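Q: Could you take me through the packing in this one? I'd like to hear about the core and the aromatic rings.

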Amino acid sequence: MRYADDFVILHEDITVVQRCKELIQEWLKGMGLELKPSKTRLAHTLQEYEGMNPGFDFLGFNIRQIPVGKYQSGKNNGRLLGFKTIITPSKEKQKVHYDRVASIINAHQSAPQSALVRNLNPVIRGWANYYSTVVSKDAYSRLDYLMYQKLRAWAKRRHPRKSGYWITNKYWQTIGGENWVFATKAEGKDSMRLLKHSETSITRHVKVKGESSPHDGNLIYWSIRMGKHLEISTREAILLKGQKGKCLYCRLFFRDGDSWEIDHKIPRSKGGKDEYKNLQLLHKHCHDMKTAEDGSVGSSNVNYPNY
């Protein structure tokens, strides 16, 4: 597996990996290049190897395997492997991220709380989203705890003569039933709250089905999977993904070649707004029946896919 100039060679036989390393060194030598010793190592994903812990880091992720019982074991053609693969944010990248968060907090010692929140949120959101497809729950919780400790120190330094209760009441709020939310005092839409890493939902990566390809013409499958497709509008693709490929009127899946239309759940003639929560994708004939039932007139975005 490779990404730019980083690559990993995986094989169940270590002699094969060692031979691959020799071949790569010979190949690079012909171009005046060489493997960097500090970034090149042999590792086992399940057991210690030459005193090193199992697993390896790649693109900010730590990949390793752990022994498990038969109910959690991975399988290969129905055969129990006795272990499962665990992918987590690497400790190095967790430290780099926390250091960046800490540096932002340090740089805003005298700035308003709103400015600190405004600068921290994009960093937290971006990092948490990057790791949202792997086993990140523990890493998120740990980073939230460290960030809380850093923010407490930030607040105490600003008010050295105030009590802990006064500081907590000023900088931490209860919002929507959730306590200890680092946020500005509620001032309508002007109130700002700090995101938590743990608020990012973990969504496991789903492997591409069979031999599917973005270029195979299966518009329905790729729109549902990615929420976008070159052959239809962004709005249609987002609705397809949100509806999991189903028409919300007849509850049947859209099929290749079906015609659909975007419908307003509450018709515009009755005050419905042109926003996603009021939109749904229906088969053309379902849209006609729904329109007849609610007494609205007109349709939008007729689509006739060609294959």
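Predicted model: local features only at pLDDT ≥ 70, side-chain atom pairs only at ≥ 80, totals over all residues.

Q: Which residues have the most contacts inside the largest nonpolar core?
A: Those are Leu116, Leu120, Leu151, Phe182 and Leu194, in a core that has 17 residues. The elements that give two or more residues to this core are helix H2 (91–107), helix H3 (113–130), helix H4 (137–158) and helix H5 (164–171), and the largest share, five residues, comes from H3.

Q: And what does Phe182 touch?
A: Leaving aside residues up to four places away in sequence, Phe182 touches Gln113, Leu116, Val117, Leu151, Trp154, Tyr171, Trp172, Met192, Arg193 and Leu194.

Q: Which residues does the second, separate core include?
A: Ile232, Leu240, Leu281 and Cys286 are among them, and that core has 14 residues.

Q: Back to H3: where does the kink lie?
A: The kink, of about 30°, lies at Leu120, shortly before Pro122. From its first C-alpha to its last, H3 reaches 26 Å with 18 residues, close to the 26 Å expected at 1.5 Å a residue.

Q: What covers the buried residues of H3?
A: The cover includes strand E7 (83–89), H2, H4, H5 and strand E9 (178–182), while the buried residues of H3 themselves include Leu116, Leu120, Ile124 and Trp127.

Q: Switching to rings, how many aromatic pairs does the count come to?
A: The count comes to 13 aromatic pairs. One of them joins Phe61 and Tyr131 edge-to-face, at 5.0 Å centre to centre with 65° between the planes. Because Phe61 lies in strand E4 (residues 61–67) and Tyr131 in the loop between H3 and H4, this pair ties together parts that are 70 residues apart in sequence.

Q: Are those two buried or exposed?
A: Both Phe61 and Tyr131 are buried.

Q: Why is the pair of Tyr148 and Trp180 edge-to-face?
A: Their planes stand at 90°, with the ring centres 6.0 Å apart, so the pair is edge-to-face. The pair links distant parts of the chain, with Tyr148 in helix H4 and Trp180 in strand E9, 32 residues apart. Tyr148 counts as partly exposed because its relative accessibility is 26%, and Trp180 counts as partly exposed at 45%.

Q: Which residues do ring pairs link into a cluster?
A: The cluster is made of Tyr148, Trp154, Tyr171, Trp172, Trp180 and Phe182.

Q: Which ring does the charged end of Lys170 sit over?
A: The charged end of Lys170 sits over the ring of Tyr171, 5.5 Å from its centre, and the charged end of Lys162 sits over the ring of Trp166, 4.8 Å from its centre.

Notes: Residues numbered from 1 in each chain as written. Heavy atoms only, no water. Core = buried A, V, L, I, M, F, W, Y, C linked by side-chain atoms within 4.5 Å. Buried < 20%, exposed > 50% of the residue type's maximum accessible area, 1.4 Å probe, protein only. Helix = DSSP H or I, 4+ residues; strand = E, 2+ residues; numbered from the N terminus. Contact = heavy atoms within 4.5 Å. Expected span 1.5 Å × (residues − 1). Bend = angle between axes of the 7 residues up to and from the residue. Phe/Tyr/Trp six-rings, centres within 6.5 Å; stacked < 30°, edge-to-face > 60°. Lys NZ or Arg CZ within 6 Å of the ring centre and 35° of its normal.
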